[in-house]
Amino acid sequence: MMKPVFMTYTKKDLINLAVCMVLSVLVIPSFITTEYWYTSILIPWLCLALATIGQQIVMGYTGQLALGAAGFMAAGAFAMFNLILRVPDLGFVGSLIVSGLIAAAFGILFGLPSLKVRGIYLMVATLASQFFIIWMIDKFGWFKNYDSSGIITAQDIVILGKPFTTPLAMYFVCLAVTTVLTLLAMNMARGSTGRNWMAVRDMDIAAESMGVSLLRTKVQAFAISAFYCGVAGALFAFCYLKSLEPVAFDIKLSFKILFMCILGGLGTINGAFIGAAFILLFPVLLNAIGNNVFHGAIDATIISSIEQVIFGGLMIIFMIYEPLGMAKLWENIKQKWKTKIQSSTSLKSSLGKKT
Amino acid sequence: MAQERKFKIGKPILEVKNISLSFGGVKAITDTSFDVLEHEVRAIIGPNGAGKSSMLNCINGIYKPQQGTVSFRGQQIPNITPNIMAQMGLSRTFQNLALFKRMSVLDNILVGRKLHTKTNFLEVALQLPKVKKEEKVNRDRSEEIVSFLEIEDIKDTPVGKLPYGLQKKVELGRALATDSSIILLDEPMAGMNVEEKRDMCRFILKVNDELGTTMVLIEHDMGVVMDISDRVVVLDYGKVIGDGTPDEVRSNQKVIDAYLGVEH
């Protein structure tokens, strides 16, 4: 293992980070000019990747099968709407943090069953969060500011008096929030906090015998996870949907995030980004194939059905052959390349010696 | 042990009084009492199903006995949980290996440092200077244990990939990392070959000798038990049938009967 040079990051991490930053801050804005890419791909990708990190913390790291990410996202989104509406002094960033905290409070509440039930039963118990939060928002008009239309337009994003309304500006807002929260998540995952999570995941009774409190660790993981989902939900509503409707945060979205988590690789942070990219881009790719190769001969509903079939198939294949998902697959490919290059260079040098 | 011990055997550190445990109608332990003195190596032996592991699980708080009390340093502990016992300074290993399989050897041992970690998740997320300081202390101590157990070359391997004997060593390492004053070892040498057993004995004695850690171990290999322990308690059918030095136990007729069988 390499020595960390800054915080918990190794030299390789810092290089990766620098590459990502250059790509996302300089290269993408200067080469991609079509709005479509920002509004329909990059912004939702960043938001959902953030929510997937939340899912990773509770499921990938702490091993608690939870299914209700979209519920916490809804809590975050509507908290954000109400905070901007009712407490305008908080500002955008302040409201974002507080909405995350409100979602975290829900996370603590719905994480409590994890102390008594586990596995598939916990999954059913956490579904309550999904339905309860959406029901609560629908039932009490206050949350929607008594808007009768059902769909509320999100307020404009204003940070320090400057409006962030263009797709590019919103992309930067999402990028900044996601980057900061990702770095914090990595610090936790690699530090003592992450070790406690993984200890609970791998062998809870032994973790307890080492002095790791199951109650505190599980509830903490649920709270942090819900915080990430809440912030992601707020960004999702304000930067991507630009509207607030409870229907947008239905169980389908929870499942989507679950799939992103599993396909990306349980217990990895970069897997969250890979998984989210795959699940977002795959339907786009299928549509493009449908339109350009078959020239619309295949009905759109069939294409979306094919999408489901392929996702389902992939889930099964990954569960059987690579439970650690695409992040691990990527790691393996890199490892293979490395050994290939090494063996070819050592072959060359040995050949060189002979002649 | 011929030479003088650095840590003289002292007062009782752990006292088990009148413990009875049953699962449904099956009695695992009946009215069992014994004590463990500070700095000694105490063995619990007995035939299969004698209730040895159940006994450790009662001491550690995994099982709740229907009757009886456990006292630590003379103080009776009312609501025993594994967490409370860990905080009092009691650590343990498990019969069927309870390691964190997907974590590396070093990370497993680092979890043992949990009670020496005082920083919270927010401080960890922000990597404040005190987090770094604490992490360094914990890492240094863990590295020390790794080199003490002579497992430097595997410290970054996920423990799930290690052979059984090495996993047992890692488990001992994790218990050591807690800096507990007493460690319970549940069959630390089961499934090991002669060489590995000798190694493990050496480590147990070395820990006891250098750190003064009180060791309570369950073991089947009678030769090993008689060699390394100061006192032995023998259980059979959940009852104490012998308690004393290895020599006393060896000449105890009840113990001989339990192990060799007796005609009724």
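Biologist: How do the axes of α10 and α11 of chain A cross?
Modeller: In this predicted model, the axes of helix α10 (residues 251-264) of chain A and helix α11 (residues 270-292) of chain A come within 7 Å and cross at roughly 120°. α10(A) and α11(A) are therefore oblique to each other.

Biologist: What is the handedness of the crossing of α10(A) and α11(A)?
Modeller: The crossing in which α10(A) passes α11(A) is right-handed.

Biologist: Which residues make the contact?
Modeller: From α10(A) come K256(A), F259(A), M260(A), C261(A), L263(A) and G264(A). From α11(A) come G271(A), A272(A), I274(A), G275(A), A276(A), F278(A) and I279(A). The residues of this contact of α10(A) with α11(A) divide into nine nonpolar, three polar and one charged.

Biologist: And how do α2(A) and α11(A) cross?
Modeller: Helix α2 (residues 35-61) of chain A and α11(A) have axes that come within 8 Å and cross at roughly 130°. The two helices, α2(A) and α11(A), are therefore oblique to each other. α2(A) passes α11(A) in a crossing that is right-handed.

Biologist: Which residues are involved there, and of what class?
Modeller: α2(A) contributes I41(A), P44(A), W45(A), L48(A), A49(A), T52(A), I53(A) and Q56(A). α11(A) contributes A272(A), F273(A), G275(A), A276(A), A277(A) and L280(A). By class, the contact of α2(A) with α11(A) has 11 nonpolar, three polar and no charged residues.

Biologist: Turning to chain B, how is it divided into domains?
Modeller: Chain B is divided into domain 1, with residues 1-89 + 180-264, and domain 2, with residues 98-173. The centres of the two domains of chain B, taken over C-alpha atoms, are separated by 27 Å.

Biologist: What about sheets, say the one with six strands?
Modeller: That sheet of chain B is open, with the order β6-β7-β8-β3-β9-β10 and mixed pairing. Its edge strands are β6 (90-92) and β10 (239-244) of chain B, each of which pairs on one side only. On average, neighbouring strands of this sheet are turned by 15° against each other, direction ignored.

Biologist: How many bridges join β3(B) to β9(B)?
Modeller: Four bridges join strand β3 (residues 41-45) to strand β9 (residues 231-236) of chain B, and these strands run parallel. R42(B) stands opposite R231(B) in β9(B).

Biologist: What is the order of the open sheet of four strands?
Modeller: In chain B the order is β2-β1-β4-β5, and the pairing is antiparallel. β2 (26-37) and β5 (75-76) of chain B stand at the edges, each with a single partner strand, so one side of each is left without a neighbour in the sheet.

Biologist: How do β1(B) and β4(B) pair, and what packs on the sheet?
Modeller: Strand β1 (residues 12-23) and strand β4 (residues 67-72) of chain B pair in the antiparallel sense over five bridges. S20(B) stands opposite Q67(B) in β4(B). Helix α1 (residues 52-60) of chain B packs on the sheet and touches β1, β2 and β4 of chain B. The direction of α1 of chain B makes about 115° with that of β1(B).

Terms used. Residues numbered from 1 in each chain as written. Chains lettered and ligands numbered in written order. Predicted model: local features only at pLDDT ≥ 70, side-chain atom pairs only at ≥ 80, totals over all residues. Pairing = 2+ DSSP bridges. Axes fitted to C-alpha atoms, helices over the stretch in contact; angles between N-to-C directions. Domains from an automatic or database assignment. Parallel < 35°, antiparallel > 145°, perpendicular 65-115°, else oblique. Left-handed = near helix turned anticlockwise from the far one by under 90°. Contact = placed C-beta atoms within 7 Å. Nonpolar A, V, L, I, M, F, W, Y, C, P; charged D, E, K, R; others polar.
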